[in-house]
Amino acid sequence: MSDAIRALVALSDEADRFLVDSALSGESTLEVVGYSDTQDDWATFLEQPSDVVIVACANYSDRTEQLIDRAAKQRPGRPIVVLTQVSPNGLVRRAFEAGADDVIALPESPETVRFAIQKVLARRQGVTAVRGAPAAPLVCVLGPKGGTGKTLVSSNLAVALAQRDMRVVLVDLDLQFGDIGLGLGLIPERTIYDLAKAGPPYDHDKLDRHLMRHASGVKVLLGPTRPDHASAISVDFLRNVYASLRTMCDIVIVDTPPGFTPEVIATIDVSTSACVVGMLDAYSLKNTKLGLETLELMGYSPDNITLILNRSDSRVGITHDDVSAIIGRNPDLLVPSDREIPRSVNEGVPIVASRERSDAAKAFRDLADRYTKRSADDVSPEAAATRTLLTRRRR
Ligand SMILES: Nc1ncnc2c1ncn2[C@@H]1O[C@H](COP(=O)(O)OP(=O)(O)O)[C@@H](O)[C@H]1O
Ligand SMILES: [Mg+2]
């Protein structure tokens, strides 16, 4: 692999491609890995593995600003350099506030442009080295019994967070009968089995190649397509993969099979919070209580557990007071039964995206509220501090 800086170049606001190419030409230390002059799908374009984003523009309009803002939010650790053909005087501050790290007026020599990009990268790496790469939260969705709604909760939570522009990775840890792919309408081109077969190191590029992309932006590490592939997934492998995934997104959500298998225990061990999904029947409630007790024995703080009662409106002779008495705590979230839910699973579009006004979708958005703030806070202050510093230096 070469050590060249990988750049994504986005042409906005009538940027002159010839000028931009000349500014980037002749530099073996800079490799343009993606070029785009359309506005079609910036999200996909900006998702490509890269070290820096170069936004080139002839003028500087709101469109360019939105592009910078999007690039900054999509991957807060990746620097953005703006090449402009107008005098940068009036726009430097706006560009920095949108998330740019430097602004260069064209025409400019390739050496100067390369030097500016290297400086920006060095500054960013300096910040990360001092403070350590932040690890995103990892949420483990548990339910000691099958069919309680774990997969439903995991996929709707993931999509609800992606709708808030968070970078979400969803892992299907149901290694024998995982059905996240089915519920999200994804073709299993690559799965966790292929990743295990590919072997270490599990760097961002390799992980990215094994994640399937849902229309909402959620990236999914699918479960194996055959139950006998499950044995290829070891606990050590999972630990390594989680550690790497947590440095490439804002939140990792793991859907689990029923029960406390070694893989589930390893996931709970590294998780920052858990969602326990139960239903209104005696078996489920008994197992939910056992599950909560097991988490407690593992040293899990009840504050980091969200108790979800699925199909909470079922009339089965058990009241919500009975639930609290049996389990020993009140559910934090109620998800009603909704016949649109199986329909949304069959269509491959989770209910938060297909029937946004339903009570079930609202419940999943309430669940997403619990994770939105914390994850955003984990990522932003560092980026914000860097930007403030740079803006002050520039003025
Ligand atoms: N609140 C609900 N209303 C209607 N159907 C539901 C609800 N929750 C789950 N289901 C359906 O029940 C089945 C099992 O749900 P699933 O999420 O796959 O459970 P688990 O992952 O715990 O085994 C699915 O077909 C799902 O569509
Ligand atoms: Mg499931």
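**Exercise 1.** Find which residues Leu142 touches, leaving out those up to four places away in sequence.

*Solution.* Start with the cut-off: contact means heavy atoms within 4.5 Å. Now go along the chain: Leu142 touches Lys150, Thr256, Val264, Ile268, Ala274, Cys275, Val276, Val277 and Leu295.

Before you go on: this is a predicted model, where local features need pLDDT of at least 70, side-chain atom pairs count only at pLDDT 80 or more, and totals for chains, interfaces and linings use all residues. Residues are numbered from 1 along each chain as its sequence is written, chains are lettered from A and ligands numbered from 1 in the order in which they are written, and side-chain values use heavy atoms, with hydrogens and water left out.

**Exercise 2.** Work out how the rings of Trp42 and Phe45 are arranged.

*Solution.* First, the rule: rings of Phe, Tyr and Trp (its six-membered ring) pair if their centres lie within 6.5 Å; planes under 30 degrees apart are stacked, over 60 edge-to-face, and the rest tilted. Next, the values: the centres of Trp42 and Phe45 are 5.7 Å apart and the planes sit at 65 degrees, so this pair is edge-to-face.

**Exercise 3.** Describe the aromatic pair of Tyr202 and Phe237, then decide whether its members are buried or exposed.

*Solution.* Step one: Tyr202 and Phe237 are 5.2 Å apart centre to centre, with 85 degrees between the planes, which is edge-to-face again. Step two: buried means under 20% relative accessible area, exposed over 50%, partly exposed in between (1.4 Å probe, protein chains only). Tyr202 and Phe237 are both buried, and so are Trp42 and Phe45.
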